[in-house]
Amino acid sequence: MTNKCNLACDYCYVPKNTNEMNEEIIEQSIRYAMSDGSPTISIVFFGGEPLMEKPLIEHAIGICRSIEKKGRHFFHLKISTNGTLLDEETLKFLKREQVLLSISMDGNRSAHDTHRKFPDGNGSFDLVDEKASLALEYHPYATALSVITPQNAGYVCESSEYLLNKGFKYIISAPDFDSVWDEKSMSVLERQYRKLSKIYIEKTRDKKDFYLAPFEEKLASHICGPYKKYERCELGIKNVSIAPDGSIFPCIQFVYEDPGRWCIGDVWKGIDTAKREAIYTESEEEKESCTTCEVKGRCRNWCGCLNWHTTGNVNKVSPTVCAYERMITPIADSIGNRLFKKRTPLFIDKFYNAAYPFLALFREKKDI
Ligand code: SF4
Ligand code: SF4
């Protein structure tokens, strides 16, 4: 929606300028999203800080909901915000319009304020924490999005516990692979995940329903089989990112760097399918370094934007990503083994009951 932001997080990859969408680009983007005839369309409002352009978001949501009234399309809407600009009026509006909410919060004060600061250098924890409490009153299924870096890796367990106790049921945390991870920081992270795995087990035994990435994803990749094609964004084939000027990119990560190379079209002319195919095919080529790996199929080595961001090549996996995948997978497996051995009811329901995702979705829709 906009590149503007009221925070100055030091790991942010969005260039701070005043580029933003306008009503015409939003309307054309929605027309473009509908152009392939699919009845269900998912839109995530992203920034910068998207709520700096609240009237534009209201405009976009209004269009989507009025299109729905004709009965041929349904929109899943979501907003990803830093939380600082949330207020009761906005939260009520998002709830009324059934817009899912994700709030960037790196965990407890120590983890969050390491990087997520205002331009004057003060940490944003106090404000975000207060807004998150308010948000959870209206959106009990809001997601907390946390970034882990070598500098805040030592707080991962405490931070996840903090967010769970605060009331977040969905916590998606992932390392910032653009940071420099060495053996020492990776082993700090490993110790934290081992500690966190005990909390995951305890809460699952206590029937506390929650989603804690990255464990869930890795557990599913064992129980339900390797990553399926439909679980991937497939670089512009299933998902695209639209920049404020209406250019289309295969993923958000590509929007800000070397646009000439990665731009695959725009919302007026559509996608240059030959260019998109070339990027996709390159990213899909078999990775020689992975052929005999025991966690192949459960590893995110297929993520072209992650590969490009970390190695400059959509098909080359960075040694840090590889080390991370080899570290996290056995920890998730040990969680799975312990919970399966005891036939822990919530664990069995979550991973062996095919209806579970639909029931969870139904619950959320009811409470959103
Ligand atoms: S809140 Fe998001 S967009 Fe704003 S500076 Fe932080 S990471 Fe960047
Ligand atoms: S863990 Fe490393 S070697 Fe194994 S599949 Fe992933 S990137 Fe390839």
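This report describes the sheets, core, ligand surroundings and selected backbone features of one predicted model.

Residues are numbered from 1 along each chain as its sequence is written, while chains are lettered from A and ligands numbered from 1 in the order in which they are written. Because the model is predicted, local features need pLDDT of at least 70 and side-chain atom pairs count only at pLDDT 80 or more, whereas totals for chains, interfaces and linings use all residues.

## The parallel sheet

Helices (H or I, at least four residues) and strands (E, at least two) are DSSP runs numbered from the N terminus. Two strands are said to pair if DSSP finds at least two bridges between them. On this basis, 6 strands form an open sheet in the order 1-2-3-4-5-6, and their pairing is parallel. Strand 1 (40–45) and strand 6 (211–213) are the edge strands, each pairing on one side only. From one strand to the next, the twist averages 15°; axes are lines fitted to C-alpha atoms, for helices over the stretch in contact, and angles run from 0 to 180 degrees between N-to-C directions.

Within this sheet, strand 4 (residues 143–148) is joined to strand 5 (residues 170–175) by 6 bridges, and the two run parallel. Strand 3 (residues 99–104) also runs parallel to strand 4, with 3 bridges between them. Individual residues show these pairings: alanine 144 stands opposite isoleucine 171 in strand 5, and isoleucine 103 stands opposite alanine 144 in strand 4. Threonine 143, in turn, faces tyrosine 170 in strand 5.

A residue is buried if 20 or more other C-beta atoms lie within 10 Å of its own, exposed if 12 or fewer, and partly exposed in between, with C-beta atoms placed from the backbone. Strand 4 is mostly covered, since 5 of its 6 residues are buried.

Strand 8 (residues 247–249) and strand 9 (residues 265–266) run antiparallel and are joined by 2 bridges. Isoleucine 248 has glycine 265 as its bridge partner in strand 9.

## The nonpolar core

A nonpolar core is a set of buried Ala, Val, Leu, Ile, Met, Phe, Trp, Tyr and Cys residues joined through C-beta atoms within 7 Å. The largest such core holds 71 residues, of which Leu101, Ile103, Ala135, Val156, Ile248 and Phe249 touch the most other members. Helix 12 (residues 319–341) supplies the largest share of this core, 6 residues.

Two residues are in contact if their C-beta atoms, placed from the backbone, lie within 7 Å. Apart from neighbours within four places in sequence, valine 156 is in contact with Ile148, Leu189, Gln192, Tyr193 and Leu196.

Serine 159 belongs to helix 6 (residues 156–166). Serine 159 counts as buried because it has 27 C-beta neighbours inside 10 Å. With neighbours within four places in sequence set aside, the contacts of serine 159 are Asp106, Gly107, Asn108, Ala111 and Ser146.

## Surroundings of the ligands

A residue is counted around a ligand if its C-beta atom, placed from the backbone, lies within 6 Å of it. Around ligand 1 are Cys5, Leu7, Ala8, Cys9, Cys12, Val14, Gly47, Gly48, Glu49, Asn82 and Ser104.

In the table, Ala, Val, Leu, Ile, Met, Phe, Trp, Tyr, Cys and Pro count as nonpolar, Asp, Glu, Lys and Arg as charged, and the others, Gly among them, as polar.

| Ligand | Nonpolar | Polar | Charged |
|---|---|---|---|
| Ligand 1 | 6 nonpolar residues | 4 polar residues | 1 charged residue |

## Backbone features in loops

Glycine 47 and glycine 48 are joined by a cis peptide bond with omega of about 25°. Glycine 48 lies in the loop between strand 1 and helix 2 (54–68). Another cis peptide bond, with omega of about 10°, joins alanine 213 and proline 214; proline 214 is placed in the loop between strand 6 and helix 8 (215–223).

Glutamine 98 is not a glycine, yet its phi is positive, at about 55°. Glutamine 98 occupies the loop between helix 3 (88–96) and strand 3, and it is partly exposed because 14 other C-beta atoms lie within 10 Å. Arginine 343 likewise has a positive phi, near 50°, and is found in the loop between helix 12 and helix 13 (345–352). With 9 other C-beta atoms within 10 Å, arginine 343 is exposed.
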